[in-house]
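Me: I have a model open and want to go through a few points. Can you take them as they come?
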Amino acid sequence: MTTWMLRRLIQAVFVMLAMTVIVFIGVNVIGDPVEILISPEADQAERARAVIALGLDKPLWEQYWRFLLGAVQGDLGRSFVFNEPALKLIAQRMPATLELALTAVLMSVVIGIPLGLYAGLKPDSIGGRLVMGASILGFSLPSFWIGLMLIMVFAVQLGWLPSTGRGQTAELFGVQWSFLTRDGLAHMAMPAFNLALGNIALVLRLTRAGVRENLPMDYVKFARAKGLSPNRVVFVHVLKNILIPIVTVVGLEIGGLIAFAVVTESVFAWPGMGKLIIDSINVLDRPVIVAYLMMIVVLFIVINLLVDLLYTVLDPRVRLETRE
Amino acid sequence: MSELTLDVQGLSTHFFTRAGVVRAVDDISFSVPRGRVLGLVGESGSGKSVTGFSVIGLVDPPGRITAGKILFQGRDLTKLDERDLRDLRGNRIAMIFQDPMMTLNPVLRIDTQMIETVLAHDSVSRSSARERARDALGMVGIPSPEERLNAYPHQFSGGMRQRVAIAIALLHRPDLIIADEPTTALDVTIQAQILAEVQKLAREVGTALIWITHDLSVIAGLADDIAVMYAGRIVETGRVEEVLDRPLHPYTHGLIGSVPSRNARGQRLRQIPGMTPSLLNLPPGCAFRSRCPRADAACEQDPPDSHPLEGRTLRCFHPQLEMVA
């Protein structure tokens, strides 16, 4: 276990190093932030001073080296636009995105698994077919369009739910959260559902496929031959077997949801990280872009680690240590 | 000993597929007295397993029992609803499956899978259920059962897994065990051990046993009675030594002839020409007639049950009544 952990950590360091190189070259290719940040009226001397102040006069390898040195000490640079540490900017926006994404994941599991079980156990029923048909829509309709439709129906016409912002927040561990207040929850309902929709469809289809695959297996028939109730067969024997692919996908999707909640956050004006990154890309705020992408890499690494650990809980055949 | 644990009369189990009706089991009758072992023999696809699943009430759609009675200790199982059947399953009637690698749930510990079986039928405490599970494991010859209870199926070999499955089947000391080729997937030494143990247990507990197999040599050493199945029908029944010594049906004859034997070393193995017919839309008449050396026009009619010898049932117009050399 410890060797396994250690190896994973070393791997993670290399992944992050590789990522910084790619990101650093990437942000240099998309454009020159000086053109956007400095007013067109500025004279040559002012420009030169600004370039030096931002550290853009140095060659790329030196900029990279300085970034690395800072990163090791937990400093990912200062935003060109806000003149604040990039990490702090991101940290401020993170709780909003985090709670949105986690709520969406919760929704996809709580709605997706039961519907998938139903569709898998009764594949020929009208309900089962309807669920499967609807899941195709959940997959294929663009999320921005669904977001707009949700706003139109529930905010504009019915007036049941607010359409923008986080609403009232409450403090927990020194951070403001929306899910702690009624108003905040009301604000979160639509964007979270919007974000979850694709994943509900995904989890649903995975669950159904797993059920269809496992039901004809001998162990299911044997469990029935032991005289167990249908509920025990489905919810203990089958469910535990199909949970493995679901955990994999849901784990990866958490990262995806956090990293790419951009569209939903834009549609519902949700003040999260996604909005920050879009704004930063528009003004070529390099430190923020780099810091954000680094955060996402760390996030994916942590999630993958957790998923691997979860496997060992779910599937006894998986052991992390290679036996001598 | 005339008390019948199981008496199956005119059982038919058909599968209603899109391509047509598959008569997997077609009007079969047999019985198993208390404490006796019935060997149900036949080729793959002859309906042996479906017969087993019919008795325990686990025929899945599109399959359905279409006719007949399954009298278990006098109660007709085909008339019972799902709840009552569930009370019998694993409790009074148990089943052991063919492939021990597939029958245990890979992600649940052995104790979970055994305790749940005890608790499904008896309201006892978890700890006493666990004790029963441990005793059952010990009974089938699993060393240090207390520790093995905490193991997962993948930590057992195939033979050990089959012992676990047998232990699960024995938990409630059932009156009837249906064993569906339980030793086919195991190597010969393990097979011999398991056969000996099952036989011993059946004798001690008084359990009736249906042993489904295609392996006549297993039947010869284990069973009291034999029923030979072909294309969904039972073509011949009788006491095992009588049937094996003097097969009456040409199919049984061919089946015995195709068992490799030391006396016939170096000779070509005899085989039955042709293949089992498709059970889909099987034409009336004797299903074996296309492969049978004795078939004639009469065989296009369904042969009725006859009793040419004491204690024997036969479905054939042209039984091999002369003695085999």
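Me: Which residues does D225(B) touch, not counting residues up to four places away in sequence?
Reply: This is a predicted model. In it, D225(B) touches P33(B), R36(B), V37(B), L38(B) and G39(B), along with G238(B), R239(B) and V240(B).

Me: Where is the place of D225(B)?
Reply: D225(B) is in strand β9 of chain B, residues 225-230.

Me: Buried or exposed, and why?
Reply: D225(B) counts as buried because its relative accessibility is 14%, and the cut-off for buried is under 20%.

Me: Other topic, the interface. How many residues does the contact take from chain B and from chain A?
Reply: Chain B gives 28 residues and chain A gives 21 residues.

Me: And what area do chain B and chain A bury between them?
Reply: About 2300 Å², with 62% of it on carbon and sulfur atoms. On the chain B side, R86(B), V107(B) and E116(B) supply 24% of the area buried against chain A, more than any other three residues.

Me: How many salt bridges and polar contacts are there across it?
Reply: The rule finds 4 salt bridges across the interface, and 13 residue pairs in polar contact. D60(B) forms a salt bridge with R224(A), where the closest N and O atoms are 3.1 Å apart.

Me: Which elements give two or more residues to the side of chain B that touches chain A?
Reply: In chain B they are α1 (48-56), β6 (93-96), α3 (100-103), α4 (110-121) and α7 (158-170). The largest share, 6 residues, comes from α4(B).

Me: What is that side like by class?
Reply: The side of chain B that touches chain A has 15 nonpolar, 8 polar and 5 charged residues.

Notes:
Residues are numbered from 1 along each chain as its sequence is written. Chains are lettered from A and ligands numbered from 1 in the order in which they are written. This is a predicted model: local features need pLDDT of at least 70, side-chain atom pairs count only at pLDDT 80 or more; totals for chains, interfaces and linings use all residues. Side-chain values use heavy atoms; hydrogens and water are left out. Contact means heavy atoms within 4.5 Å. Buried area is the accessible area (1.4 Å probe) that two parts lose on being put together, summed over both. A salt bridge is a side-chain nitrogen of Lys or Arg within 4 Å of a carboxyl oxygen of Asp or Glu. A polar contact is a pair of N or O atoms within 3.5 Å; within protein, one must be able to donate a hydrogen and the other to accept it, and residues adjacent in sequence count only if both atoms are side-chain atoms. Helices (H or I, at least four residues) and strands (E, at least two) are DSSP runs, numbered from the N terminus. Ala, Val, Leu, Ile, Met, Phe, Trp, Tyr, Cys and Pro count as nonpolar, Asp, Glu, Lys and Arg as charged, and the others, Gly among them, as polar. Buried means under 20% relative accessible area, exposed over 50%, partly exposed in between (1.4 Å probe, protein chains only).
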